[in-house]
Amino acid sequence: MTAGGPKVSVVVPAYNAGGTIQTLVDSLLRQSMPAAEFEVIFIDDGSTDDTGGLLDELAAAHPHIQVLHIENTGWPSRPRNLGVARARGEYVQFVDDDDWLADEALERLYAYAVRHDADIAIGRIVGHRRSVPRELFRVDRPHATLDDAPLIDSLTCHKMFRRAFLLEHDLRFPEDRRRLEDHHLVTRAYLLARRVSVLSGYTCYHHAKRADGGNLTATRLDPAEYFDSLRAVLDIVDAHVPPGPRRDRLHRRWLRNEMVARLRGKRLRDAPRDWADQVVDEVSRTIRERFAPEVAAALPALQRTVAGLAAEGRAEDLHRLAEWEAGVRAVVRLTGYELTGSTLVVTLTGQLNDGDGPIAFTHADGRDLLVVPVEEIPADLLDCTQELRHGRLDVVARRVGDEVEIHLPVRFEVKRVAASGGVRLVFQGTATVDVDTLDSGPDAGEWTLKARVTSSGWTKAAKVPLAVSVGADGPVVVDKRPSPAPPRQPEKVGLLRRLQRAFGRRPGATGRGAVGTT
């Protein structure tokens with residue numbers, strides 16, 4: 001350790017993680033920050049597998065690692081609080097036992113926090129079977145605020161906090177078994193912090209969901225308990241922010257992410273019906289009791305529609321809408337690419353489709369309205385006149401192996417194309433990337449491309465059939481579009497016809513003795 005104590009204390013609650021924790025351990029032992037400059041505090045929450053023994057062996061072999069064994073609490077909150085109480089670092093980094101850190105994460109994020117005198121430093125997060133707040137990490141944000149950055153979309157605790165800041169404001173996780181425990185601490189922290197800094201230029205944190213669903217909070221939520229906890233988080237916002245546009249904007253995050261998102265598409269369609277109806281009841285109550293009308297009014301059309309149906313308790317219509325939305329997807333077509341030296345230019349088109357074709361909009365009384373298969377929805381909920389102007393096409397390079405993502409520079413336009421009774425949107429874009437910069441330093445490797453289409457409350461991704469890598473002989477681009485099927489030879493088609501007539505079958509018939517065509 002350094003003379004004044006470690007620079008960073010890494011706090012890790014662990015429970016029955018024997019099958020997954022080695023990835024985290026390996027990442028901690030690979031850190032570029034010298035072991036003398038950071039400490040790791042594992043809190044074993046009464047594990048019943050070999051987790052405790054594995055951690056004891058690790059601590060015995062590495063002086064900068066320690067283990068605290070406690071009786072099982074069944075929740076990460078108390079273990080984290082105990083870790084902070086033991087911590088001696090200038091900053092505290094929270095990590096979960098099924099996640100891991102990039103090799104230079106502690107060194108880079110600590111240096112960034114010190115450089116900008118941040119109370120909270122957030123390193124770029126990549127998700128593995130988990131969604132992450134991508135918009136927050138488009139650019140570095142040395143001084144991010146709730147007013148000029150989408151901080152409120154990142155409410156997990158996997159950040160670096162100045163320890164003195166945590167102690168000064170008694171920032172602790174609620175120790176009862178409460179959902180959204182991260183939100184309780186992080187929301188207060190954002191509202192109290194003098195400075196929050198976001199490091200986007202290096203992926204620091206890998207946020208994973210266990211394939212076996214075995215992390216500490218991986219149980220189906222009880223709707224009443226969950227929304228009681230959510231309303232308690234809203235109380236925190238209300239205690240710090242007076243009524244008005246700022247409070248509405250913050251409230252909108254919970255309406256969008258914790259309420260509307262649960263009542264959409266496959267998530268609602270595949271949920272047990274009785275449980276889903278309880279969620280509708282809780283969402284309806286929360287919207288009516290806690291949110292000003294302006295909170296839902298500023299959502300995109302589809303989300304505004306879901307919120308409106310939920311507020312009225314229209315569970316049947318929500319299920320009908322979810323069944324339809326489950327079929328919405330992005331359709332992207334690669335129209336061309338060119339590699340000149342190390343510069344790759346990719347052109348493509350994209351649109352959003354449902355099961356029957358492109359998402360459609362009608363035009364009535366000077367307004368564009370989203371077309372949905374549910375009746376008696378007020379036009380104000382379906383009005384997407386303004387948001388159609390703000391659709392977006394993104395192209396993202398994703399590294400094979402660790403799923404690190406980089407947004408490529410894209411120029412795009414959105415075209416309105418006439419459709420039956422209305423219009424559809426077609427996105428046309430050109431992405432340009434210097435492959436040498438993509439494939440150098442920490443971002444080396446093989447990359448696949450994805451396109452994301454954002455419009456009217458959806459962000460949907462589709463693969464672009466190109467792969468990019470750099471070898472000893474320079475950049476290589478592999479076109480993965482399927483080759484067109486060769487045309488049929490006339491004599492083969494004639495033979496099929498004769499065989500079909502011989503067996504008394506019409507072309508395309510199937511069954512015993514039939515010769516089918518494809």
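Helix H8 (residues 245-259) and helix H10 (residues 273-290) pack at about 170°, and their axes sit 12 Å apart. Axes here are lines fitted to C-alpha atoms, for helices over the stretch in contact, with angles running from 0 to 180 degrees between N-to-C directions. H8 and H10 are therefore roughly antiparallel, the label for angles over 145 degrees. On the H8 side, the contact (heavy atoms within 4.5 Å) uses His251, Leu255 and Met259, and on the H10 side Val283, Thr286, Ile287 and Arg290. By class, that contact splits into four nonpolar residues, two polar and one charged. For the classes, Ala, Val, Leu, Ile, Met, Phe, Trp, Tyr, Cys and Pro are nonpolar, Asp, Glu, Lys and Arg are charged, and the others, Gly among them, are polar.

A quick word on the source: this is a predicted model, where local features need pLDDT of at least 70 and side-chain atom pairs count only at pLDDT 80 or more, while totals for chains, interfaces and linings use all residues. Residues are numbered from 1 along each chain as its sequence is written, and side-chain values use heavy atoms, with hydrogens and water left out.

Helices (H or I, at least four residues) and strands (E, at least two) are DSSP runs, numbered from the N terminus. Next up is helix H3 (residues 77-86), where Ser77, Pro79, Arg80, Asn81, Gly83 and Val84 are buried, meaning under 20% relative accessible area with a 1.4 Å probe, protein chains only. The cover over those buried residues includes strands S1 (8-14), S2 (38-45), S3 (65-70) and S4 (91-94), plus helices H5 (163-168) and H6 (181-192).

A cavity is a set of points on a 1 Å grid over the protein atoms alone where a 1.4 Å probe fits but cannot get out, and lining residues have an atom within 4 Å of a point. Points are joined across faces, edges and corners, and the volume is the space filled by probe spheres set on them. The count is two cavities of 30 Å³ or more.

| Cavity | Volume |
|---|---|
| Largest cavity | about 70 Å³ |
| Second largest cavity | about 60 Å³ |

Lining the largest cavity are residues including Gln351, Phe361, Arg424 and Trp458. Strands S11 (343-354) and S18 (422-434) each give two or more residues to that lining, and S18 gives the most, with three. Its residues divide into seven nonpolar, three polar and one charged.

The second largest cavity has 13 lining residues, with Gln93, Leu101, Leu109, Cys204 and Tyr205 nearest its centre. Helix H4 (105-115), strand S6 (120-128) and strand S9 (196-208) each supply two or more. That lining divides into nine nonpolar, three polar and one charged.

Conventions
Buried < 20%, exposed > 50% of the residue type's maximum accessible area, 1.4 Å probe, protein only. Parallel < 35°, antiparallel > 145°, perpendicular 65-115°, else oblique. 1 Å grid on protein atoms, 1.4 Å probe; cavity = no way out; pocket = protein on both sides within 12 Å on 5 of 7 lines; lining within 4 Å.
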